[in-house]
Amino acid sequence: MSRRQSYDGVVLVAPYSEPYQRYSIETAHWWIARALRGSLQSAGLKPGDLDGFSVASFTLFPDTAVGLTQHLGLCPRWLDHIPMGGASGVVALRRAARAVQAGDADIVACVAGDTNHIDSFRNMLSSFSRFAMDASYPYGYGGPNANFALLTDRYMQTYGATREDFGRICIAQRANALKNPGAVMKKPLSLDDYMAARPIADPIALFDCVMPCAGSEAFLVMTEDEAVKRNLPFARIAGAIERHNAFPDDPIQLRGGWVMDIDELYEQARTTPDTIDLLQTYDDYPVISMMQIEDLGFCAKGDAAAFVRAHDLTITGDFPHNTSGGQLSAGQAGAAGGFIGLVEAIRQVTGTAGPTQVADARRTMVSGFGMINYDRGVCSSAAIITSETA
Amino acid sequence: MTTPLTPPPRKDPQKRTVSPTQPPGMRSRASLGLSAAAAEGRFALQACAECGKVQYPPRDACSGCLSTDLPWRDVSPSGTLLAETTIRTSVNLYFRERAPWRTGSVQLDAGPVILCHVHNDCDRNGRVVIWNRLDRSGQAVLLAVPEERTPVMEDDPQLRAMTSDPKHRRALITDARNPNAPALAAALKQAGASMIFVAEAESWRPYPGRKALEGIGGIEFLQMDVTDTSSVQRMAGEYGGKTDILINNARFIRPGGALARGDVAFARDEMEVNYLGLLRLAQAFGPAMCGRAADGVNSAVAWVNILSAWSLSNNAEFGCFSASNAAAYSLSQNLRAEFRPSGLRVMNVFTGPTEDSWFQPVPPPKVTPQAIARSVIGGLRDGLEDVWCGDVAKDMHERFLQNPKILEREMTGGGQG
């Protein structure tokens, strides 16, 4: 296999999160426009300054990134549409960074956003994938809750994790979310609340599930020279990986594609897990965050339950995790759920996270996970994002 | 263990009848192979013709070697339950109304891992057998059941929703004079049907089966002739709302094809009974049955046609009779389409020559009334759409699947060499 080239010379700037709403009467176009504008304004740019545009969204139908260019009045020379849900943030970053490195674009806006109408979650489910239509929905139509219930059941049986262990992740994230004014969840969550919650699909209960909501996230990719010229705080990409349909012969998903590529990621970033200051996992369910803590090398396989028992996962803790509250407490704004951790990571290492800022955050691991095509998440991605001086 | 179903309480006429809702019925074309197998009660998956890899979910290309030659093959239905969940909430109305619902993940001995419904009698992480059944949308779903049968396992609410079990249900048989009628009535009673209605035409005219029917006990006779629209409508008005299973066994048969008969008199009678009779019944009873397809333990559940296997391919000795059955068969397909939104199932039981005076000159094997009754009850219990009763019908079906044109040659005298 050929050696991965570095991302030197390319940086990430202008992280922007449009505050989430539980339900919205607006469209995905509206939400994407809000985040794009927010990001551009924070960088002091006009839409005409962009020459690259990358979009991730589930609710744009019948439009794609193409329709958005005309709708939003953009004239990019590089255009991308990323249908990878929870993995889309890091994937967008990888592609945009290479485009900027190669000179195919100078400034790329990466945006993800979705709306959430009263019925849009149900409608999205009903047309998610062919395998899901044929072989998943007819079985109780529990959506992702049912899929992850099966993974959680198997994970608990195999590694001895308990509901209390999953609860620790959820409770820490709620504490983080209370510092994020854009989060949908505003009430504190105790372990008693967590354990007593209404069962949804055993062993998953209410607080294991994300709240579908409307929201959008954006950041810009440009050369370091450009960022310096414009006097913008920036983050570097120390390394980034993606993988799709890993381990198809595993009877049930207890590990993700990260396992195949994680050594290369640390090698590319010339670092090790112990140097990582904070972790942003894709947290559609706490079992998936546990899988990432293991597969990204923070502990051995099966040890994540012990790991979360031994660490404080809050902003001020010894292992800050999903500092903006993650999807479990900030909400899952469709494809923006694939960006929430990355955008927060850029804020953290540029020292612009405000109330959720972790002191001395220099190296962040961000991982993505997406698309329950049938019985498991197919896409996985991860990146190490560092501060200007790390 | 499964809790035995209790007989439903008397219907409260002031309560609103529950509208039938459906589990998701959308499927890719590849996936319909599973439904075709379920219609006959078989468990089949795609197996690559080149590398042999068994596929699931259904595909258009092999996930092992990219071959596009993926025929459906009966495979071992055994497997092990890997994980399970009980779904307590769903955005789909059908499942929302029926929650909690047990589903799981099963490693099949044949290779793939499947998501499936899980029968309540299955042990956690236990060995299971997969049944391929039609759900109320009419599409195939997979259900894990214990390896060994358990007491009253057919009463499990998930399984019951996929079958047309006569237990606690009321059945109507259309033609008391048909030699099948006593055997059908006795088998329904044996299977736990709560009421059995038998329609008689021209009640004043005695017939040998009457005594046998009376001997079964508890049979209610009604005056109905499938060739008389007003009698059918009258009886539908009275019984349509309490018919859960309708078994149309009315038959008019005479030997002969087009040239063997000098006129259309018998052909008209055959069409009157075999085709228009079915149409009249469907128009009169269909709407009421469709409206009651979710009406609790004794919901309307199945429409059964007993057809000649010659509806598939014409037998020249009984050419005109075969044609009338072909018309009825075609109409049954239309009824499937029109009943689909309600979940009411159309089951066709195809038979070869039956053991009665009209087939006296035809050599054996012939089908007895008891065999037809067994096929009907078995098909209802398994929720089937197509049942092949007796060796002649099974043989016809196999030949038809292999090549309908070759079968036509054989049936029309082109194959005796």
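1. Contact here means heavy atoms within 4.5 Å. This is a predicted model, in which local features need pLDDT of at least 70 and side-chain atom pairs count only at pLDDT 80 or more, while totals for chains, interfaces and linings use all residues. Residues are numbered from 1 along each chain as its sequence is written, and side-chain values use heavy atoms, with hydrogens and water left out.

2. Leaving aside neighbours within four places in sequence, A:Thr115 is in contact with residues including A:Ser24, A:Glu26, A:Trp31, A:Thr59 and A:Cys213. The side chain of A:Thr115 reaches the backbone oxygen of A:Glu26 at 2.6 Å. With a relative accessibility of 5%, A:Thr115 counts as buried (under 20% relative accessible area, 1.4 Å probe, protein chains only).

3. Over all chains, a search of the whole structure finds 23 aromatic pairs (rings of Phe, Tyr and Trp, the last by its six-membered ring, with centres within 6.5 Å; planes under 30 degrees apart count as stacked, over 60 as edge-to-face and the rest as tilted). One of them, A:Tyr155 with A:Phe166, is tilted, at 6.3 Å centre to centre and 50 degrees between the planes. Both A:Tyr155 and A:Phe166 are buried.

4. The rings of A:Phe307 and A:Phe319 have centres 4.8 Å apart and planes at 85 degrees, so this pair is edge-to-face. A:Phe307 is buried at 10% relative accessibility, and A:Phe319 is likewise buried, with a relative accessible area of 9%.

5. A further group, made up of A:Phe148, A:Trp258, A:Tyr285 and A:Phe369, forms one aromatic cluster.

How values were computed:
Chains are lettered from A and ligands numbered from 1 in the order in which they are written. Buried means under 20% relative accessible area, exposed over 50%, partly exposed in between (1.4 Å probe, protein chains only). A polar contact is a pair of N or O atoms within 3.5 Å; within protein, one must be able to donate a hydrogen and the other to accept it, and residues adjacent in sequence count only if both atoms are side-chain atoms.
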